Amino acid sequence: MLAVCVAHVVLGLVLLPDSMFTKYPDSARLLSSGRMLPEQGADFSPLYLLLNVALSPGALRVAQSLAGALGLVAVYILGARLLSRAAGWVAAALVATTTSVLVYEATLEPDLLVMVLNLGALALLAHALPDFRTRWLVGAGLLLGLSGATRPTGLAILVLAGAWLAWRTRRSPPRARLTAVGALLVTGLVASWLPAQVIRATVGSHLGATMSAGAVLHMGNRPEGTGLGAQAPTLIKQYETQFRGADRPDHAHSLYRQFARAEAGADLSPAATERFWMRKTLNFALEEPGTFLGLQGRKLAFFLFGPEGHDISEVRDADDRLAGLPLVSAQALGLVGLAGLLVALARRRHVGLVVLYLGTSAALAVGFYVVSRYRVAALPAWALLAGALAVEGFEARRQPRALLALAFTLAACLTLPALFPFVRDVDRMLARTEAVGGQGRALSTALRAGNYDEATQAFVQLQAAHPFTALARALRGIPFESPAVAERSGALAVERLGTDSALDLYVAAELARRAGHCPQAIEAARLAEDAGYRGAFYDTSMDPALVRADCLLQQGDRAGALRAAEDSLERRGGTLDGLAFAVAAAEALPDDAGERRARWEARLFSLHDLASARQARGLARLRWGRYAGALEDADAVLAVIPDLAVTHHLRAAALAGLGRDAEALQAYTRALRTLPSFNFPTAPLERAVAARLAEAPDSPGVLALATEHHLRAGRLELARTLASRASAAAPRDAGLAALAQELAKARPAGVPVPAPPTPPQAQNAPSP
């Protein structure tokens, strides 16, 4: 066992020697320097935060590998006590070579520690069989309590372990039974309580909001949910980019509280903000029960046999680096473990403790959301069941019928992902991403070098794999809105990645729509709908029906666009952009849909927070040409969240649509200055920028704004000319001089980009 542990530690440190993800080291520095706010103190795992205060990232990374080795010992003990020594050995070997375990040992998140603490506690409980001596129960309670201090969901396992212990000692004298259960539970609760009290005494954190339970529940239970990962409000994720940095690690928790207060009142306590999000989740369950239950079923399927769902970019990159090595995947381990579970239940093996742990892990994942970090704690249970299956197979090697039954069970489990369309869709998305592997790094490198041509080529491939790439990456200088770029991405998607799956058809439809080929887009979208495809990027729906709706609106079929939005809501009710589009459509067609509009609008604000609902409705109103309504929504959001950059851009687009160009450009400038890295659409501001440039062709401020605008639209030559003029008009402005020098060295994108419009009133003005 020592040799296995040493080999595991060496393997992990050789493959991934450095630590990944700095949220906890950054938060530890805030805590140590006295700069952590009381509300922030509740956003982090108490025990893991204290570990990051005590240890440097490098030391903690090594400590996690050593902890992982101890977890292997615990797996072996569990297997040996509950099944057989051989099953324990197989399980330990599987865990030692599982990619997710190696990756999360190098990730500074508490998930690996949760796994090891739970395993240690279960091993002590198994070792305590059958007489349950108090010292082993106290040890198990201590480890489960520390697991609860690392992530509060560990307390659920503590409670269920107490119930299991009470059942196993049901024939013991009442006093002995009470002593055994009390030793486990009291020790666990005290061990869980102490680290939180240390944090509370240091920063005054609010225990009622520990680790944002309400917010996490909400982001895992939204109408847009795919079943894998969290669907946080897009608006919160966009707002988070304005604050991202070492001084605000994982600032989304704070923003969730801010968005709750924007709707329910500024005096809302941290605990009350969590209850606010819980109510939103409850509203979803009550008002859209079919969609809600479908989401829970998808989450269970992803927990049992889904692919990896890494929610940290560094972890995804590390997983990609290990992809070619002969390591065990979490999905394969889960499928084999599921087969082992079925066989163990059929043979009535004593795996109750393992099943209890696995059931608790599944319930917590289904209740919140499924992601690889949360699934890692359950991997040892799957490994134990896989070990049991391997031993059963070895023992049945001379029994053809028994061996055939085992093989059939295993084969049936291995085919499960192919039987569930939503699992196939995620597998297909991962395959599409792998097919253009490395293009993300190529894009970033090319942008830093000012090579917009290479960057655009990389973006074309990334967009061919995933049409919402522009929402997740900074693309300043790349004409991401260009129909020509979308056409190139669409052609590449069809030729290189195919149209064999529902996801492929959806991507082809969305890119065809962006390229201006609506007949082809509508045809592909209908095929994707018939195949049942639905996805989401945060809460932005990847919905073929909404692709049809947009295309029909562009073609002037307004009634057809509304019917397509209704189709979307019938298939999955309550989605943010589906409801917003339907409301805007009903406003534009009052004679046809007045009553439905009131129902949709009520549901929009019941299921979604005020800021997200008004932002989505404002964007939908823009598409329907209802600029006054869009401006009303933007102003309402900014009244409660004044510095939200994307809403300032929404306001700018609405003002431009109303012809109030001077105000539009003021809002546009504020959006660009507030969030320079975001890919703001330039098309809604084209006419306003052109008109203002014609009115004040020598104004440094106007020239600077026009430079930034045309650079973002991909017109490098025009941006270069405007930057030179701006620098000449304001020679002492170091920023303009630097921008002019940067653009002088840059290389163009090499993609045709439409020229900016010339406003009628500027026909005789000097040409820019």
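## A patch of negative charge

Helix H17, spanning residues 313-321, supplies the largest share of a negative patch, namely 3 residues. The model described here is a predicted one. The members of this patch of negative charge are Glu314, Asp317, Asp320 and Glu434, which gather on the surface.

Glu434 is found in helix H24, which covers residues 421-435. The relative accessible area of Glu434 is 59%. Because exposed means over 50% relative accessible area, Glu434 is classed as exposed.

## A nonpolar surface patch

Another surface patch is nonpolar and is made by Leu2, Val6, Val10 and Val14. The area of this nonpolar patch is about 400 Å².

One of its residues, Val14, lies in helix H1, which runs over residues 2-15. Val14 has a relative accessible area of 61% and is therefore exposed, the cut-off for that class being over 50%.

Leu55 is located in the loop between helix H4 (46-54) and helix H5 (57-82).

When residues up to four places away in sequence are not counted, Leu55 touches Leu60 and Ala63.

Notes: Residues are numbered from 1 along each chain as its sequence is written. This is a predicted model: local features need pLDDT of at least 70, side-chain atom pairs count only at pLDDT 80 or more; totals for chains, interfaces and linings use all residues. Side-chain values use heavy atoms; hydrogens and water are left out. Patches are made of residues with over 30% relative accessible area and no salt bridge: like charges are joined within 9 Å, nonpolar side chains (Val, Leu, Ile, Met, Phe, Trp, Tyr) within 5 Å. Accessible areas come from the Shrake-Rupley method with a 1.4 Å probe; for residues, only the protein chains shown count as cover. A salt bridge is a side-chain nitrogen of Lys or Arg within 4 Å of a carboxyl oxygen of Asp or Glu. Lys and Arg count as positive and Asp and Glu as negative; His and the chain ends are not counted. The place of a charge is taken as NZ of Lys, CZ of Arg, CG of Asp or CD of Glu. Helices (H or I, at least four residues) and strands (E, at least two) are DSSP runs, numbered from the N terminus. Buried means under 20% relative accessible area, exposed over 50%, partly exposed in between (1.4 Å probe, protein chains only). Contact means heavy atoms within 4.5 Å.
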